[in-house]
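Please read the following alongside the sequence and the coordinates. The text goes through a sheet and then a helix pair.

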Amino acid sequence: MERPDAGEPLAYDRDVPDPAAEALLAALGWDDPALDRAIPAGDEMLSWAEDHRLGSRQQALVTYFTGGAMAARAVEAALAWRFGPPPGPESAARGAARPRVLDFASGWGRVTRFLVRRRPAADLTVSDIDADAVAFQRRRFGVGGFPSAERPEDLACDERFDAVVALSLFSHLPEAGFRAWLGRLAGLVAPGGLLLLSVHGDSELPPGRSLPPSGIHFEPISETGRLDKASYGSSWVGERFVGEALAGLGRPRLAWRRFPRGLWHLQDLYLVLPDGETDAARLSACALPDEPRGSLDGWARTPAGEVELHGWAATAAGPARRVEAWVGGRRVAETAPGLRRDDVAALLGSEAAGSGGWRLLLPRGEAARSGETLVLVAESADGTRGVLHAATLEAAATHLRARQAQAAAEAALREEIAARDRRVAALGWEAETLRRRIAAMEASRFWKLRDAWWAVRRRLGLAPPE
């Protein structure tokens, strides 16, 4: 019998488990043995994570699984709001109606692997521009699937779905592609269904950039090397642009809601009901998990042999309820954030979040367990748990040093950009001053007499023509 991963070289599988990745999944409640951990070598989201985690494969795995789990929780919250909780064995036995879900631009299944642990694989369909990625998910997860296309008009799909999910697709599209794909995907939503999409909001614009009058800023840069970056790069949009694009669908009863930074604390999520069929009060009642975020910012050994950790954990609504430290699968310490962090308040745009700083001590016996995985878990006010850190203490030290070097390099780059902007502004002022002087000179009596004199010389053939 052929293995489900036949022909697919894997970058990670449970056959050779990574302790930090497994500890992370356990802390998030995803330590289900049936959760498929296999990540193909061709999955660019893992290689992207490794690049952005300073070359650490362990931290890339943590980032990969964290991102997939967070996105799955957001999708499940939207589905539960619209269609009720995931179907259990009892509802399946009764033949109860179950929503059919399309995960569009699904990649190699970073999110799908979590969705199939909450609902029947037969209810899930995936689509991606990479046919090998679709084939991999069909084999590994048992879902349906079909290849996507570079242009929406070439997409071969006549089915309609109760929910169409497009995470981190519209964050890559220029204006024409954004509007075209929005219309195509909205057309795949069955009556009474929903479209869930994510974008880079204007609050995430890179330094020195601003939205043009169109409301969308596009740059030909992305993590993929498979697609033309002129049509699949990176874009940032304002809420007005998205609203106008949705209005352009011509659906008179369409309703939608924006969740700022509702996905990965980075991308804005839009819940769209192409046919409306709900009132504003019910739409406003839809709630996504209050995902805590934060980081381990440093650690040091005390004279007594303990390890003191410090960092932050918060949501926009305020500090996390608590931070727990787990070593080797055992909870060994916890604390309640409450220390002032002005940088956190600025980052999250919330004064309430500014009290999210924390410190805690690992007991001496636990701190001495070299090679064991440290997991830091934050819990928000609504009980949602998120992992702040997962790695051995030794790996944490290496990673923190690399982060500090990166932060210093980024600060130097920001200062260089600011200096360039100051030089450009100064040149602009000088150019405007010179333009005004020339305009004043040309308007003077002397200049007018000069022009008349040269005109006479040209008529007499004493000067070259203009």
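The paragraphs below take up the basis of the model, then the sheet, then the helices.

This is a predicted model, in which local features need pLDDT of at least 70 and side-chain atom pairs count only at pLDDT 80 or more, while totals for chains, interfaces and linings use all residues. Residues are numbered from 1 along each chain as its sequence is written, and side-chain values use heavy atoms, with hydrogens and water left out. Helices (H or I, at least four residues) and strands (E, at least two) are DSSP runs, numbered from the N terminus.

Four strands form an open sheet in the order β16-β15-β18-β19, with antiparallel pairing; two strands pair if DSSP finds at least two bridges between them. β16 (330-335) and β19 are at the edges with a single partner strand each, so one side of each has no neighbour in the sheet. From one strand to the next, the twist averages 20°.

Within this sheet, β18 covers residues 373-379. Its link to β15 (residues 322-327) is antiparallel and consists of six bridges. Arg322 has Glu379 of β18 as its bridge partner, and Val327 stands opposite Leu374. Seven bridges join β18 to β19 (residues 385-392), again antiparallel. Here Val375 is paired with Ala390 in β19. The hairpin of β18 and β19 has five residues between the strands, and Gly383 takes a positive phi near 90° there.

Are the residues of β18 buried or exposed? Seven of its seven residues are buried, where buried means under 20% relative accessible area, exposed over 50% and partly exposed in between (1.4 Å probe, protein chains only). Thr373, Val375, Val377 and Glu379 point one way from the strand, and Leu374, Leu376 and Ala378 point the other way. Both sets are buried.

The helix pair is made of α2 (residues 44-52) and α3 (residues 57-83), whose axes come within 8 Å and cross at roughly 125°. Axes are lines fitted to C-alpha atoms, for helices over the stretch in contact, and angles run from 0 to 180 degrees between N-to-C directions.

In the contact (heavy atoms within 4.5 Å), Met45, Leu46, Ala49 and Glu50 of α2 meet Arg57, Ala60, Leu61, Thr63 and Tyr64 of α3.
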